[in-house]
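Colleague: I would like to learn how to read pockets, cavities and sheets in a model. Please go through them one at a time.

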Amino acid sequence: MGGAEKFMIGLANHFKNKNYKIHIILLSNDDELIKEVPSGITVTKILKNSRFDILVTKRIKQYIQKEGINKIICINSYAYFLTKIAYIGNKDTKIFVSLHTTKPFSRKSYLQNIVYFRFIDQQDCFIYICKNQREYLRKKYWISPKNEVIIYNGIDTDYFTAQNVDQNKIPEIKTKLGIKNNEQIIIKVARIQSEKNHEAAIKALDILHTQLNNKAHLIFAGNGNSNYINSLTSLVKELDLENYVHFIGNQADVRPYYALSDIFTLTSNSETFSLSALEAMAFGLPCSLTNIGGASEMIEENVNGLLTAPNNPTSIAKSWDTLLRMNANKELIRELVIRKFNINNMLVQYEQLIEN
């Protein structure tokens with residue numbers, strides 16, 4: 001799952017525990033996501049019958065009316081658009097839109113968002129997950145909702161802690177990956193797709209080895225597009241990095257891999273506010289992040305990490321080398337996450353917003 005899906009399930013579970021009746025409507029056929037939804041939450045698929053099936057809005061409205069739902073949280077602009085079409089002229093239903101993407105993936109996506117955001121009215125509430133996202137969307141789409149708020153993403157810092165990891169498993173995992181105890185490890189936890197720019201990370205590792213004389217290992221946690229993965233493995237082979245780049249796929253529990261790593265990295269071309277980066281920082285890992293989305297609001301340079309130029313393997317490699325040689329204060333890095341990006345802070349803000 002991506003960050004938006006993790007957020008949705010966490011928020012739904014929180015309100016379920018507050019004795020709300022929670023429904024999740026999926027607009028895509030995602031059975032893997034359904035498996036992650038806690039019991040007690042109703043999940044319903046409402047899918048288009050064809051590419052141009054506009055009657056899906058009617059089915060959304062019928063379901064919401066049947067269940068007596070009067071507050072709707074949309075996780076992306078497409079869900080918001082369909083909901084608005086269904087509820088044009090209806091002032092009894094409060095609509096919130098929590099935006100988890102920022103930069104459009106294509107010109108088509110950009111043009112679609114222009115249309116979607118034209119439906120904003122003064123009753124709707126827009127929730128941005130960082131300041132940079134708000135400023136970008138304001139300029140890109142000329143939007144200025146009357147009701148808007150910034151609520152930073154948060155993580156469960158009681159769950160993401162080294163104290164919850166069986167340290168006896170660490171040597172076993174390293175042996176399985178072929179990593180020696182004295183070798184350093186960089187980890188990237190992200191879905192393997194083009195906008196996450198794993199190629200830049202592989203090229204940066206080559207620069208780290210050949211120009212900076214630092215033979216660290218690179219772990220990729222996550223699955224994704226098989227063609228893209230094949231192109232990445234070919235690049236690894238071409239650069240003779242097969243013993244240093246490790247694709248470990250999706251992990252039911254990624255915490256042991258944070259625990260054995262020295263630094264965390266994201267080399268994305270498109271990112272808003274990474275939950276994985278926060279998880280890594282909860283383990284005290286300094287982070288090297290491309291300076292996009294909310295990265296600059298997350299990183300205090302030379303304290304909990306460094307910012308790099310997007311799509312610039314040399315900049316990325318230099319940041320890795322600096323962080324790997326830096327004696328990072330892990331307790332300070334973790335404390336920063338607890339103070340600013342704890343999930344409890346996030347949930348309280350959503351609760352206050354939705355209950356008002």
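Colleague: Which helices each supply at least two residues of the lining of the second largest pocket?

Modeller: The model is predicted. In it, α3 (56–67), α4 (77–86) and α5 (107–117) each give at least two residues to the lining of that pocket.

Colleague: What is the volume of the second largest pocket, and which residues are the closest to its centre?

Modeller: The volume is about 360 Å³. The lining has 15 residues, and K48, R51, Y78, F81 and Y116 are the closest to the centre.

Colleague: How do the residues of that lining divide into nonpolar, polar and charged?

Modeller: Nine are nonpolar, two are polar and four are charged.

Colleague: Which side chain does the side chain of S77 join in a polar contact?

Modeller: That of N113, at 2.7 Å.

Colleague: Which residues lie nearest the centre of the largest cavity, and which elements give two or more residues to its lining?

Modeller: Of the 13 lining residues, L266, E271, L289, I292 and A295 lie nearest the centre. Strand β11 (287–290) and helix α12 (295–298) are the elements that give two or more residues to this lining. By class, the cavity lining has six nonpolar, six polar and one charged residues.

Colleague: Last, the sheet. What is the order of the strands in the open sheet of four strands?

Modeller: The order is β3-β4-β5-β6, and the pairing is parallel. An edge strand pairs on one side only, which here applies to β3 (71–74) and β6 (147–150). From one strand to the next, the twist averages 20°.

Colleague: How many bridges pair β5 with β6, and which residue in β6 stands opposite Y128?

Modeller: Strand β5 (residues 125–128) pairs with β6 over four bridges, in the parallel sense. Opposite Y128 stands I150 in β6.

Key
Residues numbered from 1 in each chain as written. Predicted model: local features only at pLDDT ≥ 70, side-chain atom pairs only at ≥ 80, totals over all residues. Heavy atoms only, no water. Pairing = 2+ DSSP bridges. Axes fitted to C-alpha atoms, helices over the stretch in contact; angles between N-to-C directions. 1 Å grid on protein atoms, 1.4 Å probe; cavity = no way out; pocket = protein on both sides within 12 Å on 5 of 7 lines; lining within 4 Å. Points joined across faces, edges and corners; volume = space filled by probe spheres on them. Nonpolar A, V, L, I, M, F, W, Y, C, P; charged D, E, K, R; others polar. Polar contact = N/O pair within 3.5 Å; in protein donor to acceptor, adjacent residues only side chain to side chain.
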